[in-house]
Amino acid sequence: MAAEPPVLPGADEARQWAAEELAKPEYRDAAPSWLDALWRNFLDWLQSLDGSPGDAAPVPSPVIALVIAVIIAAAILLARPRLNARARKASDVFERETALTAGDYRNRAEAAAAAAQWGDAVVDRFRAVVRSAEDRTILDPQPGRTADEAAQALSVPFAGESRRLARAAATFDGIRYGNRAAGSGDYQEMVALDAALGAKKPAAAGSTVTPI
């Protein structure tokens, strides 16, 4: 039995398919501006295919489909590096456009907690934990450090707090970059961890600390 020929879109349907695909947020947000201009010019070209009978012969549908495929492939290739870079940044502890002290983060956390904005309060209190460790030279400042990396690094000088640190990092990620809801209990745990680390003297490198 012979296979049926593939269904080829007309100009109107081709415009709709391409518009729906390239209107997706990942392309719109990540594509460079010149690609936006190219896309608009492409739509104008497709619109011109609806000319009067006296105009030049219409472009065959297979050609339209091929051009659409090339445009979409270019959008994917150009957007992917930016999307990957955005994904890498998505787990950073600190916002790169701000440079606050541990005290600043604690103040922001307290203000958020007073307003029952528990997610913001937990996130900023964890940032206070990490920034405090940097201020005490327990951690070297490291742009792009993730919550997990910070927790693992702090688990060396504060081995007795390794479990709480891991739990705090998971809470931070779940709230900041996931859909986890926060509550006052989460905030109180972060406050207690911050206070515990602040009251302890970190173990020297190479020493053995018995976990609590």
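Start by selecting Glu110: this residue is partly exposed, with a relative accessible area of 39%. (Buried means under 20% relative accessible area, exposed over 50%, and partly exposed in between, with a 1.4 Å probe and protein chains only.) The model is predicted: local features need pLDDT of at least 70, side-chain atom pairs count only at pLDDT 80 or more, and totals for chains, interfaces and linings use all residues. Residues are numbered from 1 along each chain as its sequence is written, and side-chain values use heavy atoms, with hydrogens and water left out.

**Stop 1: around Glu110**

Glu110 sits in helix H5. Glu110 and Ala121 are eleven residues apart in sequence and 6.6 Å apart in space, C-alpha to C-alpha. Next, show Arg125 and Tyr187. Glu110 is in contact with both, leaving aside neighbours within four places in sequence. (Contact means heavy atoms within 4.5 Å.)

**Stop 2: Tyr187**

Which residues does Tyr187 contact, leaving aside its neighbours within four places in sequence? They are Ala109, Glu110, Ala113, Trp118, Ala121, Val122 and Arg125.

**Stop 3: H6 beside H9**

Select residues 118-135 for helix H6 and residues 184-199 for helix H9. Their axes come within 9 Å and cross at roughly 15°. That makes H6 roughly parallel to H9. (Axes are lines fitted to C-alpha atoms, for helices over the stretch in contact, and angles run from 0 to 180 degrees between N-to-C directions. Angles under 35 degrees count as roughly parallel, over 145 as roughly antiparallel, 65 to 115 as roughly perpendicular, and the rest as oblique.) The crossing of H6 and H9 is left-handed. (The near helix is then turned anticlockwise from the far one by less than a right angle; clockwise would be right-handed.)

Show the side chains. On H6, the residues that meet H9 include Trp118, Val122 and Phe126. On H9, the residues that meet H6 include Tyr187, Met190 and Leu197. By class, this contact of H6 with H9 has ten nonpolar, one polar and three charged residues. (Ala, Val, Leu, Ile, Met, Phe, Trp, Tyr, Cys and Pro count as nonpolar, Asp, Glu, Lys and Arg as charged, and the others, Gly among them, as polar.)

**Stop 4: H6 against H8**

The axes of H6 and H8 come within 9 Å and cross at roughly 135°. H6 and H8 are therefore oblique to each other. This crossing is left-handed too. Among the H6 residues that meet H8 are Gly119, Val123 and Arg127. Among their partners in H8 are Ala168, Phe172 and Ile175.

**Stop 5: the core**

Now select Val93, Phe126, Val130, Leu154, Tyr187 and Leu197. Of the 30 residues in the largest nonpolar core, these touch the most other members. (Such a core is a set of buried Ala, Val, Leu, Ile, Met, Phe, Trp, Tyr and Cys residues joined through side-chain atoms within 4.5 Å.) Which element gives the largest share of this core? H6 does, with eight residues.

**Stop 6: Ser132**

Stay on helix H6 and pick Ser132. Is Ser132 buried or exposed? Ser132 is buried, with a relative accessible area of 13%. Ser132 touches Ala102 and Arg106, not counting residues up to four places away in sequence.

**Last stop: the whole chain**

Zoom out. The protein chain has nine helices and zero strands. Buried residues make up 33% of its 212 residues.

Methods:
Helices (H or I, at least four residues) and strands (E, at least two) are DSSP runs, numbered from the N terminus.
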